[in-house]
Amino acid sequence: MAAGTYGEPGKNPFTLKGIGGILSPVVNASNGVTQIYRQGSGSLGTFDPSTKKFTKDPKANLSDAEIKILNNTESIDNIKGKAKEATVKGVIAAGGTEEEAT
């Protein structure tokens with residue numbers, strides 16, 4: 001599939017326990033790095049599937065407790081699930097198949 005991103009801020013919304021607001025993923029098509037946006041706040045940071053870690057955006061207003069939550073297993077699983085959903089929707093919208101997306 002073509003390079004670019006899948007998803008956009010405000011699409012594929014989800015929430016995480018302990019993190020306020022509605023979140024949404026934007027997935028880099030070439031490396032799977034997922035930018036997490038909070039509605040009304042902008043980017044919170046990125047999840048890198050190769051390191052399995054969330055990295056805070058320097059401009060994001062996140063507490064140490066929120067950063068810890070964004071790096072816990074439950075949150076990472078939720079982020080990965082929403083990233084996959086955004087990717088599948090994007091690939092299908094571009095004329096691809098679910099198999100190509102995965």
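Lys52 is found in the loop between E5 and strand E6 (53-56), where strands (E, at least two residues) and helices (H or I, at least four) are DSSP runs numbered from the N terminus. The model is predicted, so local features need pLDDT of at least 70 and side-chain atom pairs count only at pLDDT 80 or more, while totals for chains, interfaces and linings use all residues. Residues are numbered from 1 along each chain as its sequence is written, and side-chain values use heavy atoms, with hydrogens and water left out.

**Positive phi in loops**

- Lys52, a residue other than glycine, has a positive phi near 60°.
- Lys52 is exposed, at a relative accessible area of 53%; exposed means over 50%, buried under 20%, and partly exposed in between (1.4 Å probe, protein chains only).
- Asn12 lies in the loop between strand E1 (5-6) and E2, and its phi is also positive, near 55°.
- Asn12 counts as buried because its relative accessibility is 9%.

**Nonpolar cores**

- The largest nonpolar core has 13 residues, and Leu16, Leu23, Ile36, Leu44, Leu70 and Ile79 have the most contacts inside it.
- At least two residues of this core come from each of strand E2 (14-16), strand E3 (19-28), strand E5 (42-48) and helix H2 (73-93).
- A second, separate core of 7 residues includes Ala83, Ala86, Val88 and Val91.
- A nonpolar core is a set of buried Ala, Val, Leu, Ile, Met, Phe, Trp, Tyr and Cys residues joined through side-chain atoms within 4.5 Å.

**Contacts of Leu70**

- Leu70 touches Leu16, Ile19, Phe54, Leu62, Ser75, Ile76 and Ile79, not counting residues up to four places away in sequence; contact means heavy atoms within 4.5 Å.
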